[in-house]
Amino acid sequence: MKKKLIALLMFLFLAACGFEPLYVQKKHDNLWFFGGEFDRSISSEMAQIKIVASGERFGQLIRNDLLDMLTPLGQPKRPKYRLMIDPQREAVYDQALRNDITATRKRVEYTVAYTMYEDGKEIVKGNSVAYGSYDILANPYSMTIAQKKVMKDSAQIIANDISLRIGAYFHSRITKKGSTSDL
């Protein structure tokens, strides 16, 4: 009973703070009652993005994660938007130095630039950064697996960041114009 009460209070707290989903809009302004109707124009706009990444592995990982997030039904046949993903930099730094100045950990920083175009015109542009780290292990196989995991996790972090920024762009575009029919 106590858990149900806490869950109910948390739900009421979220409702009171003005929480609303990013990728969908309510169709009416009634603050106390919601009938379950959402305008899905943001999701449908995001599903019209063709994602293009560089040929290197990190760019492909980001592209695959973005495909799952933005276009879960597959790439559009006639895309309205084109999203270019360009991994800029992978920097590896030593961490946790021993007395003999050898590292026991590596920190990796990935920087990616992205640009989204509509009819050849740049509409969203930015950079995204992800940080990861792994232990330097005696077993080379284990260290290779750790490096690949950091790369995969960083690609997912960057894909989430890009997806949220594009969703925020479409959300602000709809809010600014006042209606979803203008998209």
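Which side chain meets that of glutamate 109 in a salt bridge? In this predicted model, the partner is arginine 89, at 3.2 Å from N to O. Glutamate 109 belongs to strand β5 and arginine 89 to strand β4, so the pair ties together parts that are 20 residues apart in sequence. The two residues were assigned to separate accessibility classes. Glutamate 109 is buried, its relative accessible area being 12%. Arginine 89 has a relative accessible area of 41% and is partly exposed.

The structure holds seven salt bridges. Side chains of opposite charge can pair when their charged atoms come close. Another of these bridges joins the side chains of aspartate 135 and arginine 105, with an N to O distance of 2.4 Å. This pair also links distant parts of the chain: aspartate 135 sits in strand β6 and arginine 105 in strand β5, 30 residues apart. Aspartate 135 is partly exposed, at 38% relative accessible area. Arginine 105 likewise counts as partly exposed, with a relative accessibility of 27%.

A further salt bridge involves the side chains of lysine 149 and aspartate 153, at 2.8 Å from N to O. Both residues lie in helix α4. Because they are four residues apart there, about one helical turn separates them. Lysine 149 counts as exposed, at 51% relative accessibility; the cut-off for exposed is over 50%. Aspartate 153 is partly exposed, at 31%.

Strand pairing was examined next. β4 and β5 are antiparallel and pair over 15 bridges. Within this pairing, valine 92 has valine 108 of β5 as its bridge partner. The two strands form a hairpin with five residues between them. In the turn, isoleucine 101 has a positive phi of about 65°.

β5 also runs antiparallel to β6, and 14 bridges join them. These strands likewise form a hairpin, with two residues between the strands. Here aspartate 119 takes a positive phi near 55°.

Threonine 111 lies in strand β5. Opposite threonine 111 stands valine 129 of β6. Threonine 111 is buried, with a relative accessible area of 15%. Leaving aside neighbours within four places in sequence, threonine 111 is in contact with Pro87, Gln88, Arg89, Ser128 and Val129. Arg89 in this list is the residue whose side chain meets glutamate 109 in a salt bridge.

The nonpolar interior was then considered. In soluble globular proteins, nonpolar side chains tend to be buried together. The largest nonpolar core in the model has 31 residues. Ile49, Ile62, Leu83 and Met116 touch the most other members. At least two residues each come from α2 (41–46), β3 (49–53), α3 (57–70), β4 (81–97), β5 (103–118), β6 (121–135) and α4 (140–177). The largest share, nine residues, is supplied by α4.

Technical notes. Residues are numbered from 1 along each chain as its sequence is written. This is a predicted model: local features need pLDDT of at least 70, side-chain atom pairs count only at pLDDT 80 or more; totals for chains, interfaces and linings use all residues. Side-chain values use heavy atoms; hydrogens and water are left out. A nonpolar core is a set of buried Ala, Val, Leu, Ile, Met, Phe, Trp, Tyr and Cys residues joined through side-chain atoms within 4.5 Å. Buried means under 20% relative accessible area, exposed over 50%, partly exposed in between (1.4 Å probe, protein chains only). A salt bridge is a side-chain nitrogen of Lys or Arg within 4 Å of a carboxyl oxygen of Asp or Glu. Two strands pair if DSSP finds at least two bridges between them. Contact means heavy atoms within 4.5 Å.
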